[in-house]
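Let's take a look inside a protein model and see what we can find. Have the picture ready as you read.

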Amino acid sequence: MNRQFKRRQARASGQAEDGGGQMGQAQQLQAQLQKIQELQAELETMTAEGSSGGGVVKVVMSGKQTVESVFIDPDAVEDLELLQDLVAAAFNDAIAKTQEIASEKMGGITGGLNIPGLG
């Protein structure tokens, strides 16, 4: 009967029968959150290069998805419409690469869950 009383008491207080299940889960969650924050800081220092036209246009973007540099081959300036398409393609390539890097890094921690704002 003493065992049943402990179970009831544990249920009433919101604890698992092991007496510390929720505390352990909270600690695990806090550790994961710390890892995520560390990875986010690491991602902010990383860069990815997107390119188009075989390197005619290159865009370097940070992990925070801000543009750090743009290179345009002077020969590409002759055809403005083509140049505009190449610049757009290079930007899109750089964005895709930064997102891919973030997903790869965060995937190990989030267990493949797609959590908005975390890559």
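## Before we start

Helices and strands here are DSSP runs, numbered from the N terminus; a helix has at least four residues and a strand at least two. Keep in mind that this is a predicted model.

## A residue in strand S1

Let's begin with Ser 52, which is found in strand S1. Is Ser 52 buried or exposed? Its relative accessible area is 8%, and buried means under 20%, so Ser 52 counts as buried.

Who are its contacts? Leaving out residues up to four places away in sequence, Ser 52 touches Val 57, Leu 86, Val 87, Ala 89 and Ala 90.

## A residue in helix H3

Now hop over to Ala 102, which lies in helix H3. Ala 102 has a relative accessibility of 11%, so this residue is buried.

Rolling a probe the size of a water molecule over the atoms shows where empty space is left. Searching the whole structure turns up one cavity of 30 Å³ or more. The volume of the largest cavity is about 30 Å³.

Which residues line the largest cavity? They are Leu 43, Met 46, Thr 47, Ala 48, Gly 63, Thr 98 and Ile 101. By type, the lining has four nonpolar residues, three polar ones and no charged ones. Strand S1 (47–52) and helix H3 (80–110) each contribute at least two residues to this lining.

Methods:
Residues are numbered from 1 along each chain as its sequence is written. This is a predicted model: local features need pLDDT of at least 70, side-chain atom pairs count only at pLDDT 80 or more; totals for chains, interfaces and linings use all residues. Side-chain values use heavy atoms; hydrogens and water are left out. On a 1 Å grid over the protein atoms alone, a cavity is a set of points where a 1.4 Å probe fits but cannot get out, and a pocket is an open set with protein on both sides within 12 Å along at least five of seven lines; lining residues have an atom within 4 Å of a point. Grid points are joined across faces, edges and corners, and a volume is the space filled by probe spheres set on the points. Ala, Val, Leu, Ile, Met, Phe, Trp, Tyr, Cys and Pro count as nonpolar, Asp, Glu, Lys and Arg as charged, and the others, Gly among them, as polar. Buried means under 20% relative accessible area, exposed over 50%, partly exposed in between (1.4 Å probe, protein chains only). Contact means heavy atoms within 4.5 Å.
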